[in-house]
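Biologist: I am new to this structure and would like a guided tour. Could we begin with the ligand and then move on to the helices and loops?

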Amino acid sequence: MSTGLKENLKDLDRASHLHPFTPPATLSQQGPSLIAEGKGIYVKDTAGKDYIDAMAGLWCVNIGWGREEVAEAISAQIKKLAYYHAFAGFGTEPTAELAARVLKLLPIPMSKIFFGNSGSDANDSNIKMVWLYNNLRDKPQKKKIIARQRSYHGVTVVAASLTGLPHMHKAFDLPLDFVKHTHNPHYYTCAPEGMSERDWSQHLANELEALILAEGPDTIAAFIAEPLMGAGGVILPPEGYFEAIQPILSKYDILLIADEVICGFGRLGTWFGSGYYNLKPDIITIAKGLTSGYVPMSGSIISEKVWDVLVTAESKLGGFNHGFTYSSHPVAAAAGLANLDIMERENLVGNSQKVGAYFQRKLREAFSDHPLVGEVRGVGLVAAVEFVKDKAKKTPFDLTQKVAVRMNKHCLSEGVISRALPLANAMSFSPPLIITEAECDEVIARFAKALINSLTNLCVKVFGVSFLYKIEGSTTTLISIDLSPLVLSRGEFLNF
Ligand code: PLP
């Protein structure tokens with residue numbers, strides 16, 4: 001394709017395409033970056049620049065780009081049967097096979113999968129199933145859902161309501177009032193100074209119980225949580241968190257929905273986050289890694305306990321009146337099966353655990369001591385580096401400074417795609433699960449350069465002595481030496 005035509009496509013895009021989660025006026029001015037191709041962990045834009053996509057797209061291309069095997073499976077399925085629905089007792093071969101196969105991979109026995117097309121619609125389906133469950137149990141008042149601040153569950157009206165990110169609420173008159181948000185569990189930013197992780201978990205559990213009692217246990221239907229929060233900041237549950245929370249949910253007959261849209265399919269080094277954190281959910285949301293994003297597909301997986309009630313919908317209500325035209329799509333299911341073949345044959349869950357441990361260690365070695373890095377965190381192949389204005393006091397940068405968003409620019413010029421998590425002032429990593437240790441080193445090297453390029457002043461500490469340098473282009477000049485350990489950690493160091 002000629003360069004002229006590529007430029008023309010950018011103009012066409014700018015003129016005609018409303019991009020998700022993109023500042024519209026800025027995009028109209030600057031135009032998009034069109035990604036043209038991908039292979040392994042790399043993608044290339046239409047200008048020919050290569051990037052390591054250390055986010056696997058949006059935390060989803062677990063098997064990496066350019067897998068011929070998936071392309072062939074999709075093509076074969078389209079030639080054989082491009083579409084059939086699953087309404088009124090119909091179904092297709094790949095969907096039946098995929099449902100059975102996913103159930104076998106789960107860490108706990110579950111009963112059935114309802115397939116959708118996105119994580120958002122799966123969470124909407126989950127809530128409808130929870131409501132149906134309680135209607136069928138003659139508990140029509142038991143409908144509220146507890147979600148957590150900083151969680152991300154999607155963008156549809158219900159899923160965005162569950163999400164605990166204020167910028168997804170205010171402009172859209174959300175959340176709907178049946179959703180109640182409880183505290184986010186981030187130990188580093190939220191726990192009182194000196195409190196242990198276990199005590200913090202117990203505190204959060206007490207707070208949850210108080211909320212349930214204040215609302216009335218008979219009105220609360222479910223609690224939804226990502227095993228490890230992704231888009232809200234790569235927030236790990238503190239030690240003992242789910243251990244403290246789950247008995248409270250059981251005590252008040254509240255269902256647990258584990259949103260595994262990011263954690264599922266190997267991200268944490270186990271097939272599911274529920275396995276990693278020992279969760280016993282009643283409903284599980286899956287998407288992303290189910291097909292590695294080659295074709296959209298999601299799933300709502302229900303336990304035997306929920307199924308035993310839902311099955312009575314037929315005698316009591318005449319049926320299960322829910323489903324999408326593209327539920328159980330055979331082409332998506334064929335992609336899912338080929339995706340699982342690759343994941344199993346190449347032991348990508350094992351790779352996520354092994355290379356993930358290396359990546360986590362190297363990230364900490366490279367950035368934990370940086371004066372503007374408050375916390376490096378993560379599990380398996382998901383991680384974040386959080387920036388702070390004052391490391392000693394853990395003072396965050398003002399969110400209006402958009403530290404992480406601005407840092408993106410420097411990452412892109414270094415050829416690494418990370419993702420800014422604005423509410424956390426953090427940059428996140430969630431690379432394809434095929435990544436090698438050498439490639440992790442390259443991600444870290446590029447990120448380190450981006451970090452240096454984003455500084456006007458750099459402080460290097462040697463044996464407790466701080467050397468402060470001024471950086472102008474490629475020239476670095478020593479401007480002061482300070483024997484006190486804390487001259488650093490100020491916002492002015494950042495050059496965005
Ligand atoms: N749930 C979680 C945990 C997610 O991370 C996401 C998307 O990132 C969703 C739900 C929504 O999925 P989708 O964007 O496919 O609607």
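**The ligand and its surroundings**

Modeller: By class, the shell around the ligand holds three nonpolar, six polar and three charged residues. Here Ala, Val, Leu, Ile, Met, Phe, Trp, Tyr, Cys and Pro count as nonpolar, Asp, Glu, Lys and Arg as charged, and the others, Gly among them, as polar. This is a predicted model, in which local features need pLDDT of at least 70 and side-chain atom pairs count only at pLDDT 80 or more, while totals for chains, interfaces and linings use all residues. Residues are numbered from 1 along each chain as its sequence is written, and side-chain values use heavy atoms, with hydrogens and water left out.

Biologist: Which residues surround the ligand?

Modeller: The ligand is surrounded by Ser118, Gly119, Ser120, Asn123, Tyr152, His153, Gly154, Glu226, Asp259, Val261, Ile262 and Lys288. A residue is near a molecule if one of its heavy atoms lies within 4 Å of it.

Biologist: Which helix gives the most to that shell?

Modeller: Helix α6, residues 119-136, gives the most, with three residues. Helices (H or I, at least four residues) and strands (E, at least two) are DSSP runs, numbered from the N terminus.

Biologist: What lies 2.8 Å from an oxygen atom of the ligand?

Modeller: A polar backbone atom of Gly119 lies 2.8 Å from an oxygen atom of the ligand. A polar side-chain atom of Ser120 is 2.5 Å from a ligand oxygen, and one of Lys288 is 2.9 Å from a ligand oxygen. A polar contact is a pair of N or O atoms within 3.5 Å; within protein, one must be able to donate a hydrogen and the other to accept it, and residues adjacent in sequence count only if both atoms are side-chain atoms.

Biologist: How much of the ligand does the protein bury?

Modeller: The ligand taken alone exposes 390 Å², and the protein buries 83% of that. Accessible areas come from the Shrake-Rupley method with a 1.4 Å probe; for residues, only the protein chains shown count as cover.

Biologist: Back to α6, please. How many of its residues are buried?

Modeller: In α6, 15 of the 18 residues are buried, and the helix is mostly covered. Buried means under 20% relative accessible area, exposed over 50%, and partly exposed in between (1.4 Å probe, protein chains only). From first to last C-alpha, α6 reaches 25 Å, close to the 26 Å expected at 1.5 Å a residue. The expected span of a helix is 1.5 Å times one less than its number of residues. After α6 comes Asp138, with a positive phi near 60°.

Biologist: And Ser125, what does it touch?

Modeller: Ser125 sits in α6 and is buried, at 1% relative accessible area. Not counting residues up to four places away in sequence, Ser125 touches Phe114, Ser300, His322 and Phe324; contact means heavy atoms within 4.5 Å. The C-alpha atoms of Ser125 and Ser300 are separated by 7.1 Å, although the two residues are 175 apart along the chain.

Biologist: New topic: α9. Which of its residues are buried?

Modeller: They are Trp200, Ser201, Leu204, Ala205, Leu208, Glu209, Leu211 and Ile212. An α-helix has 3.6 residues a turn, so residues three or four places apart point the same way. The cover over the buried residues of α9 includes β5, β6, α8, β7 and α10. Just after α9, Gly216 takes a positive phi of about 100°.

Biologist: Where is Asn62, and is it buried or exposed?

Modeller: Asn62 lies in the loop between α3 and α4, and Asn62 is buried, with a relative accessible area of 1%. A polar atom of the Asn62 side chain lies 2.8 Å from the backbone oxygen of Phe265. Among the residues that Asn62 touches are Leu433 and Ile434.

Biologist: What about Asn351, which backbone oxygen does its side chain reach?

Modeller: The Asn351 side chain reaches the backbone oxygen of Ile435 at 3.0 Å. Asn351 belongs to helix α15, and its contacts beyond four places in sequence are Gly356, Leu433, Ile434 and Ile435.

Biologist: Which peptide bond is cis?

Modeller: The bond from Leu174 to Pro175 is cis, with omega near 5°. Pro175 is in the loop between α7 and β6.

Biologist: Last one: is Phe21 buried or exposed?

Modeller: Phe21 is exposed, with a relative accessible area of 57%. Phe21 has a positive phi of about 45° although it is not a glycine. Ala56 also has a positive phi, near 50°, but Ala56 is buried at 0% relative accessibility.
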